[in-house]
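Welcome! Take a moment to look over the model, and then we will walk through some of its contacts together.

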Amino acid sequence: MKKVSFRNDVLPLKNELFRLALRITLNRAEAEDIVQDTLVKVWDRRYEWETIDSIEAFSLTVCRNLSLDRIRKKENSNDSLDDVKIKEPIASSNPQDRMIQEDKVSLIRQIVDSLPEKQRCCMQLRDFEGKAYKEIAGILDITEEQVKVNIFRARQTVKQKYLKLENYGL
């Protein structure tokens with residue numbers, strides 16, 4: 001059995017944990033706090049690490065639970081992810097193309113933000129983090145079938161709402 005190291009196995013997960021917390025809470029400051037709390041909780045359980053199958057799945061589960069607890073405690077104000085930087089488009093594009101691209105990304109973010117929590121989490125872990133269905137099922141404590149259904153529904157909703165807004169405007 002591999003010995004787990006906080007520095008080599010847990011700390012490198014902080015960006016992934018942040019993205020998950022941000023996807024759930026929709027608040028950068030809140031997500032940063034949750035990542036810190038997650039790292040502390042995982043460290044506090046260091047004597048159990050050898051019995052944990054996947055320290056990554058364990059850390060993501062702790063992060064998700066803390067995020068859900070946090071939004072349950074305070075009313076979810078449904079802030080958007082506007083403060084998240086988008087990737088810079090190709091340098092050859094002109095300012096108008098960049099603006100159109102940014103608007104599209106912003107629109108998709110708003111649609112994803114409006115999804116139910118479980119669909120948002122499944123989509124984040126699968127489409128943005130590249131996790132396997134089985135791993136997502138373990139993290140969210142649901143069946144693989146439920147993961148697939150949530151991802152399917154999330155993608156359908158995003159596609160339908162995006163096309164509707166693109167074709168007919170707001």
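Helix H5 (residues 95–113) packs against helix H8 (residues 144–168) at an angle of about 135°, and their axes are 10 Å apart. Helices here are DSSP runs (H or I, at least four residues; strands are E, at least two), numbered from the N terminus. The axes are lines fitted to C-alpha atoms over the stretch in contact, with angles from 0 to 180 degrees between N-to-C directions. H5 and H8 are therefore oblique to each other; under 35 degrees would count as roughly parallel, over 145 as roughly antiparallel, 65 to 115 as roughly perpendicular, and the rest is oblique. The crossing of H5 and H8 is right-handed, a term used if the near helix is turned clockwise from the far one by less than a right angle.

Which residues meet here? On the H5 side they are Lys-104, Leu-107, Ile-108, Ile-111 and Val-112, and on the H8 side Thr-157, Val-158, Lys-161, Tyr-162, Leu-165 and Glu-166. Contact means heavy atoms within 4.5 Å.

This is a predicted model, where local features need pLDDT of at least 70 and side-chain atom pairs count only at pLDDT 80 or more, while totals for chains, interfaces and linings use all residues. Residues are numbered from 1 along each chain as its sequence is written, and side-chain values use heavy atoms, leaving out hydrogens and water.

Now to the rings. Rings of Phe, Tyr and Trp (its six-membered ring) pair if their centres lie within 6.5 Å, and planes under 30 degrees apart are stacked, over 60 edge-to-face and the rest tilted. The count comes to 3 aromatic pairs, including these two:

| Pair | Centre to centre | Angle between planes | Type |
|---|---|---|---|
| Phe-6 and Trp-43 | 5.3 Å | 80° | edge-to-face |
| Trp-43 and Trp-49 | 6.1 Å | 70° | edge-to-face |

Phe-6 lies in helix H1 (residues 6–10) and Trp-43 in helix H3 (residues 28–44), so their pair ties together parts that are 37 residues apart in sequence. Ring pairs link Phe-6, Trp-43 and Trp-49 into a cluster. Trp-43 is partly exposed at 37% relative accessibility, whereas Trp-49 is buried at 5% (buried is under 20%, exposed over 50%, partly exposed in between, with a 1.4 Å probe and protein chains only).

Another buried residue is Glu-16, with a relative accessible area of 12%. Glu-16 belongs to helix H2 (residues 14–25) and touches Glu-56, Leu-60, Glu-129 and Lys-131, leaving aside residues up to four places away in sequence.
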